[in-house]
Amino acid sequence: MPERYRPPAVLGIFRDPEALLEAIAAVREKGYRGLDAYTPYPVHGLPEALGLKESWMPRVTKTMFFTGATLAFTFEAWTMARAWAIDVAGKPFISVPPFMPITFEGGILIAGVSTFWAVVIACRLWPSFKYKPLDERFTNDRFGLYVPVRPYESSTVQSLLQGLGALEVRELA
Amino acid sequence: MSDAHNSGHHSAHANMEPPIYRADLTLTDVSRDINAPIWAKPTGWWWGAFLTSFALLLLGVYVIWVQLHVGLGILGLRRPVMWGSYITDFVFWVGIGHAGTLISAILFLFRQRWRTAINRSAEAMTIFAVMCAGLFPLLHIGRTLLCYWLIPYPNQRHLWVNFKSPLIWDVFAVSTYFTISLLFWYQGLIPDLATVRDMETRPIAKAIYGFFAQKWKGTARDWLHYEAAYGLFAAIATPLVLSVHSVVSSDFAVSSIPGWHDTIFPPYFVAGAIFSGFAMVVTILVILRKAFRLEEYITMDHLEVMNKIILATSSIVTYSYLVEIFMAWYNGSPFEVHTYIWIRFFGPYAWAGWTTVVCNCILPNLFWFKKIRRNLFLMFLLSITTNIGMWFERYVIIVTSLAQDFLPSSWGYFKVTAWDLAMFAGSVGLFFVLFLLFARFVPTIAIAEVKGVLRKPVGEASPVLEESNA
């Protein structure tokens, strides 16, 4: 399968999250946009430095919790009162307290499974036997800064990143 | 603080508390040390433990085989005690599982950064414990091959399960708990599996780790969503774990049997679950850090904190026992006095009652002494006695209450048979087989999370490669 089209870009590799954050600030200062960073762990302050919007995960979890809970309660009420009503110890057919545990568990189950799938979609996860990352050190001990550039800017950005303490600078075409 | 020269946000919050890990650990060290067991040949200890557990597992399989052919009669179940060791084992294992969720979710919400050393293995423990737990009700129902009747599905007779019964709540609670724990654990594993994928040199292993790491790239946006989802998982897992053991306790509390019909049961069961679960975490970690040389990461400080939690939950459990006994006396019902006080402490089950009290209420008090909290051998021993005590607590609750109820002519005595014990041993075997495989093939400590709380999270310089490029 061909890789998605990637615009020309420069990749700077750092060994220190502080250096990465400083470099992001400096590169953004120069007016470059659409930056991305690769880090081996969630670096505090990185989304703010890159100006990323907040994650939409909470909306998924909240919505799906209430959806799941509603579905579970409706199903309990339907089976116990409509589909085949059985008198259990003279309690009402739709008896709210004994329906609550499964209503709650249903909400949690649907919310959790949906949150997991939301991560799969948001991070574009998919099982693959032969995936090759941009650089194998980004999941270990190196930090990458990805700067999309116009072809004629490449060398300027490369020397800018080197000046900002990048250990290694690469051009991605 | 000593390294006040650290600048930036990392030291800003790291400086407020003592360092969790050695101050000079680099990112490179963390990946290398934690993944070392994956690339090292397993030691003789690992093989010994694995083969022993596997033998126990086979014993359990044999019991299941015989039971499916002969029936539940091979167990000690006799009227009036028709809930025996299987239900005890079920409650025991569900309880063990709860510490894992507590560590991964509740301590996360409370921003307890020391949890990074232990959350991965505790979550794995949860999943394996819930698997063991799930086995017992399925065997206990007798006609195990019809276990799908527990699930509400459209069937020829248009009948549905009874949603007003706590036994059905249990089906939903335990299966939801298993699903959510598994997803939470796996989601946390993805970045670490990617670390293994990218460090791995053997092509087949690389492909397999790559498959499970799901093209993880670790971009800023990936981490943003990942962290949001992690927090949300923690937020939903916290009420979930409290609900699961509350529902398990409702299996008993909703009935009208003296000894079971108790409003204190939900919090009492949850506290007991955390108590036994933390003891199991200590048991496992003492072995794990020794076997895989993870002393730098699972430090004595971590173990000491856990021993403090064991001490705290032991006192909650003790308090619950006292409340139970007091309420039995105070409510004036002779049946309650008979069950809670006579049978359990002076009558036919006094041996089990006092084992519970000694193991759960008296022995953990040794953890008031710092020397004992930091002594590997003693904490290992106390973690085992705690779990013996917690098994007997459930045994006492379940069996004694059924053995002698309102009508003396129907009284009986439950005796554990070799088959009961063999099945419990089988579940222990299953648990440790799974755990040992986990410890061998999966990063046992959350690599990315440890990296996030390092003093100075920098990578090691690798002069050969980089200076030529720079």
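**Grounds for the terms used**

Analyst: In this predicted model, B:D262 is placed in the loop between α8 (220–253) and α9 (265–291) of chain B.

User: Why is B:D262 called buried?

Analyst: The term buried requires a relative accessible area under 20%. B:D262 has a relative accessible area of 13%, and therefore it is buried.

User: Which residues does B:D262 touch, not counting residues up to four places away in sequence?

Analyst: B:D262 touches B:A253, B:E324 and B:Y340. Contact here means heavy atoms within 4.5 Å.

User: What makes up the lining of the largest cavity?

Analyst: The lining has 13 residues, and B:Y321, B:E324, B:R344, B:F345 and B:V396 lie nearest the centre of the cavity. Two or more residues each come from α10 (300–330), α11 (334–345), α12 (350–362) and α14 (376–403) of chain B. By class, the lining holds 8 nonpolar, 2 polar and 3 charged residues. The volume of this largest cavity is about 130 Å³, and the count of cavities of 30 Å³ or more is 6.

User: What describes the packing of helix α5 and helix α6 of chain B?

Analyst: Two packed helices are described by the angle between their axes and the distance between the axes. For α5 (residues 119–140) and α6 (residues 166–199) of chain B, the angle is about 150° and the axes are 10 Å apart. The crossing of α5(B) and α6(B) is left-handed. Among the residues making the contact are B:I127 and B:V130 of α5(B) and B:F178 and B:W185 of α6(B). The contact comprises 11 nonpolar, 3 polar and 3 charged residues.

Notes
Residues numbered from 1 in each chain as written. Chains lettered and ligands numbered in written order. Predicted model: local features only at pLDDT ≥ 70, side-chain atom pairs only at ≥ 80, totals over all residues. Heavy atoms only, no water. 1 Å grid on protein atoms, 1.4 Å probe; cavity = no way out; pocket = protein on both sides within 12 Å on 5 of 7 lines; lining within 4 Å. Points joined across faces, edges and corners; volume = space filled by probe spheres on them. Helix = DSSP H or I, 4+ residues; strand = E, 2+ residues; numbered from the N terminus. Nonpolar A, V, L, I, M, F, W, Y, C, P; charged D, E, K, R; others polar. Axes fitted to C-alpha atoms, helices over the stretch in contact; angles between N-to-C directions. Left-handed = near helix turned anticlockwise from the far one by under 90°. Buried < 20%, exposed > 50% of the residue type's maximum accessible area, 1.4 Å probe, protein only.
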